[in-house]
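Subject: Structure for you to look at

Hello,

Here is the structure I promised to pass on. My notes follow below it.

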Amino acid sequence: MAERYDVVVIGAGPGGYIAAIRAAQLGFRVACIDDWARADGKPAPGGTCTNVGCIPSKALLQSSENYEHAGHAFADHGIDVKGLSIDVRRMLARKEKVVAQNNDGILYLFKKNKVAFFHGLGKFAGGDGEAGWQIDVEGPGAANLVARHVVVATGSKPRALPGVEIDNQRVLDNEGALAIAEVPRRLGVVGAGVIGLELGSVWRRLGSELTVLEALPAFLGAVDDAVAKEAQKVFTRQGLAIHTGVTISDVKLGRKDVTVAWNDASGNAQRASFDRLVVSIGRVPHTAGLNGEKVGLELDPRGFVVVDDQCRTNLPNVWAVGDVVRGPMLAHKAEEEGVAVAERIAGQHGHVDFNTIPWVIYTWPEIAWVGKTEQQLKADGASYRAGSFPFTANGRARAMGETTGFVKMLADAKTDRILGVHIIGPYASELIAEAVVAMEFGAASEDLARICHAHPSLSEAIKEAALAVDRRTLNL
Ligand code: FAD
Ligand code: NAI
């Protein structure tokens, strides 16, 4: 006998588990299915983000940052550290513990909110929007479910480099790059995107010689030009060898290393050998195993589930959210869509504003932005004013010894409404929240310039960037 639910969510990543919790809060009978397992076979809800993405990468970024600070920054403060060393095994074990805490936290939240969790692969087995959709669970939590509404939140997986096999020993995707057992002497990274820079930073801080090979001619092409330029300068100073305009021609696995051949921006043949190679060239939607073809779930040519701006698929009462649909592949975007879909199922007006989704790259200095870049505004022919404020002129940043970078604000020339904020600097990931709130409330740069900010704080750099839009900084 099939169990009936109002809402069945397939996938317990940030899109799925949040959709399930919100739907349960709204009074629905909800089930969530997820197939991720720990090494011991126990369920590991949380998806890519919790298991091999946001959470473990930030755990390792923190460990490696502590190590780098102890080795380089502490001396300035009069703190001498002798015999500094890193125990990679312990660092990785700590990361695993952080991941497990998050897995368990989600299982607790399911219990608390009375979401029924099924561990296994969720598959469409038939049905329709009238009688309900039949969803079979295969695996340890095998079951037959019938759902009035289905939310597909099956996420994404790494994009492969044609002809290059990921063995997660020598050639690594994000999962392998988060679990290297010893610091590689020479680390190569294909793709200077978010994963390449974050995970590359981890191993560089621990001692790897880092070479990054990027296909596009520009470094961080989607980031505001001024920030991208500063980032390239700072990362190069940190020791990253960044090659842009690269066309990979061959990747050969040796007994002890991996050799990459490429043509550089001028067409010259180049070659280098690495102890490990990380391939981080983007991610692709994941729908394998879902059996969507059985019910005619429409995918686009790139494999994304086709949805409208409300996350409705082509099938009645079937919704899709997160990495498996169009838009940025970010955990918080997936979560926002999950909440909005649950609210729409309840007849409410769930809402996601794509213009105010923040982006963060957790390198050090961190990079964060929201809204339009200056190059986008130029391309749109928009008339705008720009103001910048460097952290060298911020008292808190000086006290911290973290003066690299700046805040840049872009505002409409006529209305002064904030159009974009771009930060490279300490804790940019935290600072950007003020800009997101301001933009959500339709603030003008003058609003931020007139708001009292605590002194001394990094957030004063945002106020000063707002003042800079009107050419009236007080501390520069
Ligand atoms: P996912 O998290 O991919 O979850 C999908 C889940 O569904 C998985 O558990 C999968 O196993 C399961 N599943 C798939 N098919 C089925 C099925 N048929 N039946 C049952 N279960 C199924 N984003 C940020 O915002 N900030 C960051 O700092 C950040 N860091 C990242 C670092 C790395 C290394 C990577 C790889 C990604 C990072 N991301 C980050 C991106 C973020 O992880 C994704 O955007 C986010 O996980 C997408 O959530 P989702 O719920 O759509 O899918
Ligand atoms: P990405 O899209 O950020 O970067 C991929 C890079 O690889 C691009 O610069 C692209 O030009 C380059 N590239 C593509 N093909 C190439 C080739 N053949 N040779 C050389 N370079 C090539 O993708 P990434 O880093 O794999 O991350 C995937 C997604 O995960 C990101 O888009 C992001 O949405 C998410 N993520 C988010 C994080 C965050 O929010 N802090 C952290 C890590 C990942």
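First, the cysteines. This is a predicted model, and a search of the whole structure finds zero disulfides. The cut-off for a disulfide is a sulfur pair within 2.5 Å. Cys311 counts as buried, at 2% relative accessibility. Cys54 is partly exposed, with a relative accessible area of 28%.

Next, the domains. The chain is divided into domain 1 (3-157 + 284-352), domain 2 (171-281) and domain 3 (356-469).

I looked at how domain 1 meets domain 3. Their C-alpha centres lie 31 Å apart. On the domain 1 side, nine residues are in contact with eight residues of domain 3. About 750 Å² is buried between domain 1 and domain 3, and carbon and sulfur atoms give 69% of that area. Within domain 1, the residues that lose the most area to domain 3 are Glu65, Leu330 and His332. Together they make up 39% of what that side buries.

The largest cavity has a volume of about 40 Å³. Its lining consists of Pro158, Arg159, Asn174, Ile195, Val279, Ser280, Ile281, Gly282 and Arg283. By class, that lining has four nonpolar, three polar and two charged residues.

Best wishes

Methods: Residues numbered from 1 in each chain as written. Chains lettered and ligands numbered in written order. Predicted model: local features only at pLDDT ≥ 70, side-chain atom pairs only at ≥ 80, totals over all residues. Heavy atoms only, no water. 1 Å grid on protein atoms, 1.4 Å probe; cavity = no way out; pocket = protein on both sides within 12 Å on 5 of 7 lines; lining within 4 Å. Points joined across faces, edges and corners; volume = space filled by probe spheres on them. Nonpolar A, V, L, I, M, F, W, Y, C, P; charged D, E, K, R; others polar. Buried < 20%, exposed > 50% of the residue type's maximum accessible area, 1.4 Å probe, protein only. Domains from an automatic or database assignment. Contact = heavy atoms within 4.5 Å. Buried area = accessible area lost by both parts, 1.4 Å probe.
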